[in-house]
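Work through the exercises below with the sequence and the 3D structure open beside you, and try each task before reading its solution.

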Amino acid sequence: MRIILLRHGRTEWNEQKRFSGRADIPLDETGIEQVKAVAERLASSDAAAIYSSPLRRALMTARPIADRIGLAIQPLDQLTDIDCGTWQGLSTDQARAQDGDLYRRWLESPHQIRFPHGESFPEVRERVTGVAKRLLDEHSDQTVIMVSHVVVCRILVCIVLGLDDSHFWQIGQDVCAVNTITAREGRFMLNSLNDTGHLKGLG
């Protein structure tokens, strides 16, 4: 089995360094160009299925790929972004001003915090682990594409590498980055990480 794990394309909030969470924001103009480029790259991937977070920025990323390959997008709630609670929509500067101690812990030990009225990393890990196991059962000898968000992508990479979530900040994950994972005899292997070669020349 092969999983092509893709972070969604750029949004205005990415550029503004805002906590996106469950906000249903679209790609910006650069993001739209990015997903055209990644669709071209993945057109020959022979994927049997494409799964996506149900949020608009992920679905907009998945759509050109699905159209090129001729697949229907299958939204999965387990792939949605972490719930940032009351931090949703805040810039990093605003979050620091609102709760400096929590923001410091977010930078130093994000796996040990819960966003106010939102989610924690263990909750995200539980749902991501569940969907990975499900896809391994359903697509044991196929290629699938998964379109998700930075927190989900980083945590899934930690799972694949056998790392706990304290390594979150050590996992590079740019917008519209491609990661490839294979599974053999029930074990996952990371083949490539944060590949953005298809974005060369784009903003």
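The expected span of a helix is 1.5 Å times one less than its number of residues, and helices (H or I, at least four residues) and strands (E, at least two) are DSSP runs, numbered from the N terminus. This is a predicted model, in which local features need pLDDT of at least 70 and side-chain atom pairs count only at pLDDT 80 or more, while totals for chains, interfaces and linings use all residues. Residues are numbered from 1 along each chain as its sequence is written, and side-chain values use heavy atoms, with hydrogens and water left out.

**Exercise 1. Compare the span of helix 6 with the expected span, then find which of its residues are buried and what covers them.**

Step 1. Helix 6 has 18 residues, and from its first C-alpha to its last it reaches 26 Å, which is close to the 26 Å expected at 1.5 Å a residue.

Step 2. Buried means under 20% relative accessible area, exposed means over 50%, and partly exposed lies in between (1.4 Å probe, protein chains only). By this rule the buried residues of helix 6 are F121, V124, R127, V128, V131, A132, L135 and L136.

Step 3. The cover over these buried residues includes strand 2, helix 5, strand 4, helix 7, strand 5 and strand 6.

**Exercise 2. Describe the largest nonpolar core and state which element gives the largest share of it.**

Step 1. A nonpolar core is a set of buried Ala, Val, Leu, Ile, Met, Phe, Trp, Tyr and Cys residues joined through side-chain atoms within 4.5 Å. The largest one has 40 residues, and those with the most contacts inside it are L5, F19, W87, W106, M146, V151 and L156.

Step 2. At least two residues of this core come from each of strand 1 (2-7), strand 2 (49-52), helix 5, helix 6 (121-138), strand 4 (143-148), helix 7 and strand 5 (178-184). Helix 7 supplies the largest share, nine residues.

Step 3. Take M146 as a worked case, with contact meaning heavy atoms within 4.5 Å. Leaving aside its neighbours within four places in sequence, M146 is in contact with I3, I4, L5, L6, Y51, L79, V131, L135 and L156. There is also a second, separate core of 19 residues, which includes L6, V35, A58 and C176.

**Exercise 3. Which residues other than glycine have a positive phi, taking H117 and N194 as the cases?**

Step 1. Most residues other than glycine have a negative phi, and most peptide bonds are trans.

Step 2. Phi of H117 is near 60°, a positive value; H117 lies in the loop between helix 5 and helix 6, and it is exposed, with a relative accessible area of 74%.

Step 3. Phi of N194 is also positive, near 55°, but N194 is placed in strand 6 (residues 187-195).

**Exercise 4. Describe the largest pocket by its volume and its lining.**

Step 1. On a 1 Å grid over the protein atoms alone, a pocket is an open set of points where a 1.4 Å probe fits, with protein on both sides within 12 Å along at least five of seven lines, and lining residues have an atom within 4 Å of a point. Grid points are joined across faces, edges and corners, and a volume is the space filled by probe spheres set on the points.

Step 2. The largest pocket holds about 660 Å³ of space. It is lined by 29 residues, of which R7, N14, K17, R18 and V150 are the closest to its centre. Helix 1 (12-15), helix 5 (100-108) and helix 7 (150-161) are the elements that give two or more residues to this lining.
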